[in-house]
Amino acid sequence: MVETDQSDAEKIPLIKPNQLPRRKKLSEKGLKAQRVINKYTVLASGIGFIPFAFTGQVAVGGLLVKLLNDLCRIYGLSFSDHQIKIIVSAILGGSHYDWISRYLMKYIKSYAPVLNFAGSLLLRPVISGLIVYYIGKLFLWHLESGAWLKVKEKGLKHSA
């Protein structure tokens, strides 16, 4: 039997819990904004049950505008300062929720035709809820970092 010397082997350093990266805690405004995002995510999931594509797209887009307006109000920003960002996000989010759902349904049909009915029934609400949630989280992250507040304080104007 071959003996190996354990003292010569490289030791793997252990990571202590205080060395791990931590998630940044949200401020009071951030916690309030997170509750608003959760509320609109549930509403968007309900909108996903609308069977007409164009109606659902418009409803999700309108819901995104209202969500982002509420987030700006929580952080004391005016809607008009960030109107372009909000409207573009709402249009893209509303139009892509149906497109992503159709693409995924086509993929599901090709591999599991049995799941056609269940997939078509449940996929659109899930996709619409996820889109609203992640667009809300993106705006929350920007608002919590203070990037938009710093631009307003410096008096910088965006070209429109």
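Leu122 is partly exposed, with a relative accessible area of 48%; partly exposed means between the buried class, under 20% relative accessible area, and the exposed class, over 50%, using a 1.4 Å probe and protein chains only. Leu122 sits in helix H4, residues 116-145. Helices here are DSSP runs of H or I with at least four residues, strands are runs of E with at least two, and both are numbered from the N terminus.

Together with Phe49 and Leu121, Leu122 makes up a nonpolar patch on the surface, with about 300 Å² of accessible area in total. A patch takes residues with over 30% relative accessible area and no salt bridge, joining nonpolar side chains (Val, Leu, Ile, Met, Phe, Trp, Tyr) within 5 Å and like charges within 9 Å. The areas come from the Shrake-Rupley method with a 1.4 Å probe, and for residues only the protein chains shown count as cover.

A word on the source: this is a predicted model, where local features need pLDDT of at least 70, side-chain atom pairs count only at pLDDT 80 or more, and totals for chains, interfaces and linings use all residues. Residues are numbered from 1 along each chain as its sequence is written, and side-chain values use heavy atoms, with hydrogens and water left out.

Now the whole chain. It has five helices and zero strands, so in sequence order the pattern is α-α-α-α-α. Of its 160 residues, 32% count as buried.

Leaving aside neighbours within four places in sequence, the contacts of Arg124 include Gly48, Pro51, Tyr97 and Asp98; contact means heavy atoms within 4.5 Å. Arg124 and Tyr97 are 27 residues apart in sequence, and their C-alpha atoms are 7.4 Å apart.

Next, helix H2, residues 53-74. H2 has 22 residues and reaches 32 Å from first C-alpha to last, close to the expected 32 Å, which is 1.5 Å times one less than the number of residues. Just after H2, Gly76 takes a positive phi of about 75 degrees.

How many salt bridges are there? The count is two, where a salt bridge needs a side-chain nitrogen of Lys or Arg within 4 Å of a carboxyl oxygen of Asp or Glu. Side chains of opposite charge can pair when their charged atoms come close. Asp70 pairs with Lys66 at 3.0 Å, N to O, and with Arg73 at 3.3 Å, N to O. Lys66 lies four residues from Asp70 in H2, while Arg73 lies three residues from Asp70 in H2. Asp70 is buried at 11%, Lys66 is partly exposed at 39%, and Arg73 is exposed at 53%.

Last, the inside. The largest nonpolar core has 28 residues, and Leu64, Leu68 and Val132 are among those with the most contacts inside it. Helices H1 (28-47), H2, H3 (83-111) and H4 each give two or more residues to this core. Such a core is a set of buried Ala, Val, Leu, Ile, Met, Phe, Trp, Tyr and Cys residues joined through side-chain atoms within 4.5 Å.
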